[in-house]
Amino acid sequence: MTSDIHERARQLIVLRGAEGFADAQETWLQAHLQDCDPCREYAEATTQVIRSLRSVPMAATPSLVRRTQTRVRQHAQLLRQHRERLWMVGVACAGIGFSAAVTLPLMWKVFSWLGAWAGVSSPVWETGFGVFVIAPALLVSVLLLTRGTHLTDEAGRWHH
Amino acid sequence: MNAAACYFVNGMESETSAIARGLRRRDPDLLDRLIEQYQHRLLRYLIYLSGNRDLAEDLFQETWIRVLERGSQYDGKHEFSTWLFAVARNLTIDQMRRKSPLSLDGLNSDEDSAPLDPMDSRPSALEVVAQHEHADRIGAALVSIPAEYREAVVLRFQEGLALDEIATVTGAPLGTVKSRLYRGLNLLTPLLKGAQE
């Protein structure tokens, strides 16, 4: 008998009981074990080790489970709030975009009329119009930057 | 496939699909149930993977937070436990990398790690001592073998995962998994010879 046969037998002993372990392999292994004392001892030792491994009763404590469940629920709540905020920001952006599309041509005409009425040149009332359009966005941006955005949590972490 | 096997497979698929749907909804009740169902298996895997109970408990919580955040990535086509162990494994590796740049091998034995406590099942004092000694001996033997062997052995013989599931969790080819099991057991056998149950 060559050492390859013993090596094969020992590999099969370890994989015994695994899916895909063929009946033919089991038959061959059983025949080999009947004739080979060292491999039989190896099989017994391996079985004992596997039994020892399976016998360790290691468990999570109830407090760990409760802590984890509470933390997961809190985090789920945080994610839900964040999603709602994102949705609100999305709706607000859409509303502002629509409102701007509707009102900007009208405001342009109003500024044009005011410019003519006040007797100022076109670049002047056009600049005024530009400031009027950009000012709210600038103001909101400055406010958000100073307060921290609503898309971050208390620790300033960005949620995505 | 016979009718019984077909029924079993369909039943398993519907259960994993239900889990996948619940995870997509971030259903807190489902997560509570999953935490309870997989508490022992996941913690045991993390303890042997990290070699430290305190770290394993932190990773246990982080794993479920990640399951909550990335639950939509679970497709429901495979066993939930396989995906859960893969999530836990990636987190552990990330943690070890942060702790030490050596990391993948940092999963290896840690001389200063806390002893592995057995479950508190209210037996007699003598039984508790015996259980502790038994668990300590097995824990010490496990943390003394290379991490990749330990992981394969724990997943196969403690968690009862199939070989292809171990391959999925560890990202290693099936042949490598078989080889790790073989070598891992060969290293453990002399260390655990005569270990009493």
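In which helix of chain B does B:Gly184 lie? B:Gly184 lies in helix H8 of chain B, residues 174-192, where helices (H or I, at least four residues) and strands (E, at least two) are DSSP runs numbered from the N terminus.

This is a predicted model, in which local features need pLDDT of at least 70 and side-chain atom pairs count only at pLDDT 80 or more, while totals for chains, interfaces and linings use all residues. Residues are numbered from 1 along each chain as its sequence is written, and chains are lettered from A and ligands numbered from 1 in the order in which they are written.

Chain B has eight helices and zero strands, and its elements run α-α-α-α-α-α-α-α from the N terminus on. Of its 197 residues, 40% count as buried; a residue is buried if 20 or more other C-beta atoms, placed from the backbone, lie within 10 Å of its own, exposed if 12 or fewer, and partly exposed in between. Among contacts in chain B with a separation of 6 or more, 68% join residues 24 or more positions apart, two residues being in contact if their C-beta atoms, placed from the backbone, lie within 7 Å.

Is B:Gly184 buried or exposed? B:Gly184 is buried, because 24 other C-beta atoms lie within 10 Å. Not counting residues up to four places away in sequence, B:Gly184 touches B:Ile145, B:Tyr149, B:Arg150, B:Ala152 and B:Val153. The C-alpha atoms of B:Gly184 and B:Val153 are separated by 6.5 Å, although the two are 31 residues apart along the chain.

Leaving aside neighbours within four places in sequence, B:Leu46 is in contact with B:Ala56, B:Leu59, B:Phe60, B:Ala88 and B:Thr92.

| Pair | Axes come within | Crossing angle |
|---|---|---|
| H6(B) and H7(B) | 10 Å | roughly 135 degrees |
| H2(B) and H6(B) | 9 Å | roughly 160 degrees |

Angles under 35 degrees count as roughly parallel, over 145 as roughly antiparallel, 65 to 115 as roughly perpendicular and the rest as oblique. H6(B) and H7(B) are therefore oblique to each other, whereas H2(B) and H6(B) are therefore roughly antiparallel. In the second, B:Arg44, B:Tyr45, B:Tyr48 and B:Leu49 of H2(B) are in contact with B:Arg150, B:Glu151, B:Val154 and B:Gln158 of H6(B).

**Where the chains meet**

The contact between the chains takes 30 residues from chain A and 38 residues from chain B. On the side of chain A that touches chain B, helices H1 (3-15), H3 (37-54) and H4 (62-118) of chain A each give two or more residues, and the largest share, 11 residues, comes from H4(A).

Definitions and conventions
Axes fitted to C-alpha atoms, helices over the stretch in contact; angles between N-to-C directions.
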